[in-house]
Amino acid sequence: MRTVGLLAMILVMLALAAASAAAAPTDAPCAHGAVDDPACVGYGTLPDAQPAAGRWNQTVAGTTIDDSQVLAFLAGLQDTPGTSLVPLFVGSDDTTTYSNAVAAVAFLSAGQVARARRVFDGLPAAGDPCPTCACRGAYQQFRSATTGMPRATMDPNDFWIGDNAWLLTALKQHRVVTGDQRYNGRITMLVNWFSCLENLTPAPGIYSGFRKDGSLMNWRHAEGSIDVYGALKGLNAEPVRLSVKAWLDDAVWPSDQHGCFDVGWLNRGNLPTDNVSR
């Protein structure tokens with residue numbers, strides 16, 4: 001079953017793959033061909049992509065994935081009557097903050113600015129309400145594609161750093177690509193949320209977010225921390241980034257791992273993301 005997050009991520013990764021392959025030194029630890037090295041257990045590499053007909057495509061397991069096909073599928077989901085967000089599946093009203101952020105990045109990468117704006121405008125500008133959260137101005141994970149609001153009856157449905165970092169990345173990309181400042185308020189709101197959360201976290205690092213009842217998820221999350229570090233780049237939040245990097249360097253990139261990410265704390269289910277060391 002195809003999901004929005006997976007398809008949009010495929011599209012983004014197709015473009016990143018070639019750039020990553022070109023930039024990586026061939027003698028780097030865990031470079032291409034070294035995935036069976038015992039020093040790099042769990043390491044994953046991006047496939048080499050080649051441009052075809054002005055587009056990126058990639059053959060995976062005998063099936064050619066073309067960016068135009070992925071974009072058409074995402075657009076068809078977004079054009080479901082009554083929706084601005086991109087549903088997870090055909091005929092579903094379920095969606096997530098993360099999958100829409102990645103879909104927006106995919107749209108922007110293809111120059112489809114209006115579709116990305118439909119995603120942003122389908123979310124509440126002030127974030128999702130959480131009166132008991134110590135930090136406010138972020139978005140819950142699961143949402144209605146029709147209303148754009150969080151699923152009130154879904155439990156858990158929490159405020160994760162990863163979802164919000166991807167949304168911040170998409171908003172930042174919109175500003176870079178278009179020069180348009182219309183979402184500056186949301187960018188500032190999310191930066192402030194991350195700064196507040198990092199202030200609540202014993203140094204170094206940043207906690208994982210808040211439960212929807214306002215309770216603090218007081219553990220650090222390797223994948224989400226990587227997302228935060230990247231999302232905050234260029235947004236005048238260097239103290240937060242340095243704190244996150246200090247934890248990543250200490251707990252997720254240990255010196256005895258030969259240049260490969262460790263799985264991180266309380267995050268063993270996310271090996272494909274946490275163990276990519278390029």
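**Helix packing around α5**

In this predicted model, α3 passes α5 in a left-handed crossing. The two pack at an angle of about 20°, and their axes are 8 Å apart. Angles under 35 degrees count as roughly parallel, and α3 and α5 are therefore roughly parallel to each other.

Which residues make the contact between α3 and α5? From α3 they are Thr97, Tyr98, Ala101, Val102, Ala104, Val105, Leu108 and Ser109. From α5 they are Asp163, Trp166, Leu167, Ala170, Gln173 and His174. By class, that contact has nine nonpolar residues, four polar and one charged. On spacing, an α-helix has 3.6 residues a turn, so residues three or four places apart point the same way.

Now α3 on its own. This helix covers residues 97-109. Is α3 mostly covered or mostly open? It is mostly covered, with eleven of its 13 residues buried. The buried ones are Thr97, Ser99, Asn100, Ala101, Val102, Ala103, Ala104, Val105, Ala106, Phe107 and Leu108. As for length, 13 residues at 1.5 Å a residue should span 18 Å, and the end C-alpha atoms of α3 are 18 Å apart, so the two agree. After α3 comes Gly111, which has a positive phi, near 80°.

Back to α5, which runs over residues 161-178. α5 also packs with α7, residues 222-231, at an angle of about 25° and with the axes 8 Å apart. That angle makes α5 roughly parallel to α7. The crossing of α5 and α7 is left-handed. On the α5 side the contact uses Ile161, Gly162, Ala165, Trp166, Leu168, Thr169 and Lys172. On the α7 side it uses Gly224, Ser225, Asp227, Val228, Gly230 and Ala231. The classes here are six nonpolar, five polar and two charged. Trp166 of α5 is listed in the contact with α3, and Trp166 is listed in the contact with α7 as well.

Buried in α6 are Arg186, Ile187, Met189, Leu190, Val191, Trp193, Phe194, Leu197 and Glu198. That list includes the charged residues Arg186 and Glu198.

Last, the whole chain. There are nine helices and eight strands. Of the 278 residues, 48% are buried. Among contacts with a separation of 6 or more, 61% are between residues 24 or more positions apart.

Conventions. Residues are numbered from 1 along each chain as its sequence is written. This is a predicted model: local features need pLDDT of at least 70, side-chain atom pairs count only at pLDDT 80 or more; totals for chains, interfaces and linings use all residues. Side-chain values use heavy atoms; hydrogens and water are left out. Axes are lines fitted to C-alpha atoms, for helices over the stretch in contact, and angles run from 0 to 180 degrees between N-to-C directions. Helices (H or I, at least four residues) and strands (E, at least two) are DSSP runs, numbered from the N terminus. Angles under 35 degrees count as roughly parallel, over 145 as roughly antiparallel, 65 to 115 as roughly perpendicular and the rest as oblique. A crossing is left-handed if the near helix is turned anticlockwise from the far one by less than a right angle, and right-handed if clockwise. Contact means heavy atoms within 4.5 Å. The expected span of a helix is 1.5 Å times one less than its number of residues. Buried means under 20% relative accessible area, exposed over 50%, partly exposed in between (1.4 Å probe, protein chains only).
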